[in-house]
Amino acid sequence: MDSENAVKFPESAWKACYYLVTWLYTLYIISQYYSHFFHNPKSVWFGWKRGIDVPVDIYWIYLIQLGFYIHSLYATLFLDDVRKDYVIMIAHHVVTIFLISFSFAIRYHNVGLLLLFLHDINDVILECSKCCLYMKKRRGAEFPVWEVFANVGFGLFMITWFAMRIYWYFYKILYSTGYQSVVILPSGPFYFFFNGLLWIIFSMNCYWFAFIVKAALGIFLGKGIRDTRELNKKPEAETEIAEVRDSLAELKL
């Protein structure tokens, strides 16, 4: 592969492994102990009280994710290339850090766990698709099969993004925190602040989904995978799936 892709491949491979491990861990926790959070979202409020102990398994996933997002904020500010959604990305990381910290402090960690479950799988698919695209050109030869894998991966990425981060996010998270929490926990603190943070994340998910749809149209029209967010003097240049959503790969909470 060329020098640029040779640099990007290890980064995407590392992110794919990170997201896969964190999502599988979250999946294990939910499937083993908290499956009712997904099937019956209002159950995230059962038994809540101020100062309740945070289960050890949830504590560790919270700690890991908080560290990741602090690093992501630093990387966006000082390391990553500037894109059209640069300000949105910074805002996302700040809101996410606030949301993780606040939900932990106020003991809304059940909601946070469900949020992590709904988000991380998209990142696994995205980073694996990026790796496939980087493998297309190696040692002066092209291997089109890798681009096919990348396009299939991007299709799965778009479907899971809509299902997990928009449809289920609204139905499983926002409906529970906005309506069911009032019914079950009318005295729950920071109702508007907590829901405001969640709605900001949801709005960003919708905003980035517009980029994903635009990139999908480019594939359908045979124009290749492009980053519609790039501040590039050559907008016609084909880019890798990563660039459709380098920032999407950062999203979780």
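Reader: Which residue's side chain does that of Asn122 join in a polar contact?

Author: The partner is Arg165, at 2.8 Å from side chain to side chain. Please bear in mind that this is a predicted model.

Reader: Is Asn122 buried or exposed?

Author: Asn122 is buried, as its relative accessible area is 0%. Asn122 lies in helix H5, and beyond its neighbours within four places in sequence it is in contact with Phe157, Thr160, Trp161, Met164 and Arg165.

Reader: With which residue does Arg165 form a salt bridge?

Author: With Asp123; the closest N and O atoms are 3.0 Å apart. Because Asp123 belongs to helix H5 and Arg165 to helix H6, this pair ties together parts that are 42 residues apart in sequence. Asp123 is buried at a relative accessible area of 0%, and Arg165 is buried with a value of 0% as well.

Reader: How many salt bridges are found in the whole structure?

Author: Four. Among them is the bridge between Lys130 and Glu127, with N and O 3.0 Å apart. Both residues lie in helix H5, three residues apart, or about one turn of the helix. Lys130 counts as buried at 2% relative accessibility, and Glu127 counts as buried at 0%.

Reader: What about Lys15, which residue does it meet in a salt bridge?

Author: Lys15 meets Glu11, at 3.3 Å from N to O. These two are four residues apart in helix H1, so about one helical turn separates them. Lys15 is buried at 11% relative accessibility, whereas Glu11 is partly exposed at 41%.

Reader: Changing topic: which residues touch the most other members of the largest nonpolar core?

Author: Leu113, Tyr169, Ile173, Phe194 and Leu198 do, in a core of 59 residues. The elements giving two or more residues to this core are helices H1, H2, H3, H4, H5, H6 and H7.

Reader: Which of them gives the most?

Author: H7 does, with 12 residues.

Reader: And what is Leu198 in contact with, leaving aside neighbours within four places in sequence?

Author: Leu198 is in contact with Leu99, Leu115, Tyr169, Ile173, Leu174 and Thr177.

Reader: How far does H3 reach from its first C-alpha to its last?

Author: H3 reaches 33 Å with its 23 residues, close to the 33 Å expected at 1.5 Å a residue. Its buried residues include Asp57, Ile61, Gln65, Phe68, Ser72 and Thr76.

Reader: Where is Val44 placed?

Author: Val44 is in the loop between H2 and H3, and it is buried, with a relative accessible area of 6%. Not counting residues up to four places away in sequence, Val44 touches Phe37, Asn110, Val111 and Ser176.

Reader: What polar atom lies 2.7 Å from the backbone oxygen of His92?

Author: A polar atom of the side chain of Thr96. Thr96 is found in helix H4, residues 86-105, and counts as buried at 0% relative accessibility.

Conventions
Residues numbered from 1 in each chain as written. Predicted model: local features only at pLDDT ≥ 70, side-chain atom pairs only at ≥ 80, totals over all residues. Heavy atoms only, no water. Buried < 20%, exposed > 50% of the residue type's maximum accessible area, 1.4 Å probe, protein only. Polar contact = N/O pair within 3.5 Å; in protein donor to acceptor, adjacent residues only side chain to side chain. Core = buried A, V, L, I, M, F, W, Y, C linked by side-chain atoms within 4.5 Å. Contact = heavy atoms within 4.5 Å. Expected span 1.5 Å × (residues − 1). Salt bridge = Lys/Arg side-chain N within 4 Å of Asp/Glu carboxyl O.
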